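Hi,

Here is the structure I said I'd pass along. Have a look first, and my notes follow below.

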Amino acid sequence: MTFLDMNEISDSVRRVFSATTTALSANIDGIARSATLAILERVQSARASGRHVIDLGIGEPSFATPRFISEAAERAIAEGRTRYTAVEGIVALREAIAAEAQELSAGRRLVDKSEVVVTSGSKQALFESCFVLFGPGDDVLIPSPAWPSYAEMVRLARATPVAVAGDHTRGWKVDVHSLRASATPRTRGLILGSPMNPSGAVYDIDELRAIAALAAERGWWIISDEIYRPLSYDGDAPSILAACAPDAEVVSVGGVAKAYAMTGWRIGWVIAPRMIASAMIGLQSHITSNATTISQYAALAAISSKAEAEVAQREMLAALRVRRDLAVSALARVYPDYVKPAGAFYCFLPIGDRTAGASADFVLSLLHECDVAVVPGSAFGTEGWVRASFAGSDDDVRSGFGSLADFLQTRNG
Ligand code: PMP
């Protein structure tokens, strides 16, 4: 057997369940497996066979969770706070999230804890938002390239994802013109992520205001994925809450995973109008109940211990900025004009070939020849590009992006 079959990744990012739908319900029909997790599996199997693989496919910072946060979790265990909580989360955490959201709205909005639902990661918050707001017959606009789960979540709600191509000269951002052009009479909402995964671009307040105004005019819901919001390198990334009317049909999703190095703790949240929040609580009561109690206390410490959190976040952001610069300077050999990503921890790069399957083939060749893993653009709905993460250690970023640049240079002559 060869190290990796060249068709394997293309298969995993295709609709993998299609061959077996006779055994599965229509609920799962057409749902694709997560491509990033598929890459992770390949990295793990290559490592198990003794290879030293640098994983630039990862979507998590390499830092340990700050000590004051872990200590809060240890205290929660010691004090026996290990039972069920209310489905929507503990009051203190919801109050802290509501207070933060109010601040982010720049005084435009009073946010009450009844509008906050704590979830098992922001992934669950996004899924519940899609499930509660969209259904059969609805079109949902998804600026593209996009994090792969948005489209699958919309499909799970039996609605139809509609990709809206972003402008690659503007970090793949969309604007009111491209959204209008892709809208149909069935359009019911859009999912906007900022800072964006995979491009790292950040929507400024005017861009958000224009999109919020269009959505209000058309009666569309906006689901705003703000999981990377605190990871912004050139000033604060604005929240949709600062751009829309206080009573707008907007759901804002956040979480502690990326900003506090807490990916494994699984705490996210949604801020939504009360009626939507209570529908989500009803849904959540039948699937997961409350998010892990101990993790809720850890998240409470992360959000409410302002001084400690500020120091920890400043350090992490400074370290990520160094890694971003290492990545971009390695890439400068191939792309001298590459614009530094303004947020998150990804570089999205053209590979010079937009034919079908090109990015998956690129990923496999890079892994096979250089022991470096990245994610194919096809997974984000954009062929001919790949995503490389600079969230790993300085050494991994230096050497991984160095090999990636060498590989691109050799390939593109
Ligand atoms: N949104 C985006 C854009 C992401 O990249 C991720 C994780 N990779 C999530 C949401 C989910 O984050 P979590 O569930 O860990 O909070």
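**A helix pair and some aromatic rings**

Let's start with two helices that touch: Phe 68, Ile 69, Ala 72, Ala 73, Ala 76 and Ile 77 in α3 meet Ile 294, Tyr 297, Ala 298, Ala 301 and Ala 302 in α10. Sorted by class, that contact has 11 nonpolar residues, with no polar and no charged ones. Keep in mind that this is a predicted model.

As for the geometry, α3 covers residues 67–78 and α10 covers residues 293–304; they pack at an angle of about 140°, and their axes are 8 Å apart. That angle makes α3 oblique to α10. The crossing of α3 past α10 is right-handed.

Now the rings. Searching the whole structure turns up 11 aromatic pairs. One of them joins Trp 172 and Trp 385: the ring centres are 4.9 Å apart and the planes sit at 80°, so this pair is edge-to-face. Trp 172 is in the loop between β4 and α7, while Trp 385 is in strand β12, so the pair ties together parts 213 residues apart in sequence. Trp 172 is buried at 7% relative accessible area, and Trp 385 is buried too, at 11%.

Phe 362 and Phe 407 make another edge-to-face pair, 5.1 Å centre to centre with 75° between the planes. Here the link is between helix α12, which holds Phe 362, and helix α13, which holds Phe 407, so parts 45 residues apart in sequence are tied together. Phe 362 is buried, with a relative accessible area of 0%, and Phe 407 counts as buried at 8%.

Finally, ring pairs link Trp 172, Phe 348, Phe 380 and Trp 385 into a cluster.

Cheers

Note on methods: Residues numbered from 1 in each chain as written. Predicted model: local features only at pLDDT ≥ 70, side-chain atom pairs only at ≥ 80, totals over all residues. Heavy atoms only, no water. Axes fitted to C-alpha atoms, helices over the stretch in contact; angles between N-to-C directions. Helix = DSSP H or I, 4+ residues; strand = E, 2+ residues; numbered from the N terminus. Parallel < 35°, antiparallel > 145°, perpendicular 65-115°, else oblique. Left-handed = near helix turned anticlockwise from the far one by under 90°. Contact = heavy atoms within 4.5 Å. Nonpolar A, V, L, I, M, F, W, Y, C, P; charged D, E, K, R; others polar. Phe/Tyr/Trp six-rings, centres within 6.5 Å; stacked < 30°, edge-to-face > 60°. Buried < 20%, exposed > 50% of the residue type's maximum accessible area, 1.4 Å probe, protein only.
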